[in-house]
Amino acid sequence: MKQFLATTLPVFISGLLWAGDITGTVHAEPKAGADAGGGGDGNYASHKYKFVERVDYSQMRDFVVYIEGQVGTNTALATNVVAVTTSRVAQKGATFAPHILPIMAGTKVEWPNNDDIYHNVFSDSDAARFDLGLYKGNPKDKAVTFAKPGKVDVYCSIHANMHCIVLVMDNPYFTMADADGKFTITNVPPGTYKLKAWHERLPADEKEVVVPATGVVKTDFVVTIKNLPTY
């Protein structure tokens, strides 16, 4: 995923290198009770329910960890931040890849169709609304520049299971956790920030982190169903 993520350069202040790293782990856990054990009633063994697919939280991947909001109130970033300006989501086997794409606002995303059948790429999300029409191959005009931060759900109008999410960030301090749930965000200006861990199926978890002028701050996340209104 490295080719899809924004990168940063160090921040220099008064001739000194001032930047810290945020590292840690993230994983998902089920809500206590029926979500965890099926209610303990054994009904999942019955013919009626044995084909019901249950969520395996231990196998959840594609976590995105990011600093929320504008970054720059603690130190002047000026031109020290360099962002990737072009990215890509491929269509292959009637699937969007990658399924989750975090980018910085202002990034252009291309949508090549590598199948021998037509696909369509569209979104009606608040952060971006577009329709690229039906096409094959990789026409140069089949690209979208994402200017507004937010979550953008993208679909193909022909194929039911074609769905991906573009997460548009307003700063470059984000990353995707690896297959083991480990993450690192490097070269963060020193300061106090709201750090979030996001997964498409669960409410985001958030913590306050204090990034030192040099060195590493470690933060671990457990993403689960919590902090929602109950009725």
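Modeller: A residue is called buried when its relative accessible area is under 20%, exposed when it is over 50%, and partly exposed in between, using a 1.4 Å probe and the protein chains only. Please keep in mind that this model is predicted, that local features need pLDDT of at least 70 and side-chain atom pairs pLDDT 80 or more, and that totals for chains, interfaces and linings use all residues. Residues are numbered from 1 along each chain as its sequence is written, and side-chain values use heavy atoms, with hydrogens and water left out.

Colleague: Is C156 buried or exposed?

Modeller: The relative accessible area of C156 is 6%, so C156 is buried. C164 also counts as buried, because its relative accessibility is 1%. Over the protein chain, buried residues make up 40% of the 231 residues.

Colleague: Since we are looking at cysteines, how many disulfides does the structure hold?

Modeller: A disulfide is a pair of cysteine sulfur atoms within 2.5 Å, and the structure holds zero of them.

Colleague: Which residues have the most contacts inside the largest nonpolar core?

Modeller: A nonpolar core is a set of buried Ala, Val, Leu, Ile, Met, Phe, Trp, Tyr and Cys residues joined through side-chain atoms within 4.5 Å. The largest one has 23 residues, and those with the most contacts inside it are I22, V26, V65, I67, V188 and L195. At least two residues of this core come from each of the strands β3 (20-28), β4 (64-67), β16, β17 (191-199), β18 (202-211) and β20. If we take I67 and set aside residues up to four places away in sequence, we find that I67 touches I22, N171, Y173, V188, Y193, K194 and L195. Another core, of 21 residues, lies apart from the largest one, and V89, I103, V144 and V152 are among its members.

Colleague: How many aromatic pairs does a search of the whole structure find?

Modeller: Rings of Phe, Tyr and Trp (its six-membered ring) pair if their centres lie within 6.5 Å, and planes under 30 degrees apart count as stacked, over 60 as edge-to-face and the rest as tilted. The search finds five such pairs. In one of them, F130 and F146 are 5.9 Å apart centre to centre with 85 degrees between the planes, which makes the pair edge-to-face. Because F130 belongs to strand β11 (residues 128-135) and F146 to strand β12 (residues 143-146), this pair ties together parts that are 16 residues apart in sequence. Both F130 and F146 are buried.

The rings of F183 and F221 have their centres 6.2 Å apart and their planes at 40 degrees, so that pair is tilted. F183 lies in strand β16 (residues 182-188) and F221 in strand β20 (residues 221-223), so the pair ties together parts 38 residues apart in sequence. F183 and F221 are both buried as well. As for clusters, F96, W111, F130 and F146 form one aromatic cluster.

Colleague: Which residues are joined by a cis peptide bond?

Modeller: The cis bond joins A97 and P98, with omega about 5 degrees, and P98 lies in the loop between β7 and β8. H99 is found in the loop between β7 (96-97) and β8 (100-104), and H99 is partly exposed because its relative accessible area is 25%. The C-alpha atoms of H99 and I165 are separated by 6.3 Å, although these residues are 66 residues apart along the chain. Leaving aside neighbours within four places in sequence, H99 is in contact with D62, H163, C164, I165 and E200.

Colleague: What is phi of N187?

Modeller: Phi of N187 is near 55 degrees, a positive value in a residue other than glycine. N187 lies in strand β16 and is partly exposed, with a relative accessible area of 21%. N227 has a positive phi too, near 60 degrees, but N227 is found in the segment after β20 and is exposed, with a relative accessible area of 71%.

Conventions:
Helices (H or I, at least four residues) and strands (E, at least two) are DSSP runs, numbered from the N terminus. Contact means heavy atoms within 4.5 Å.
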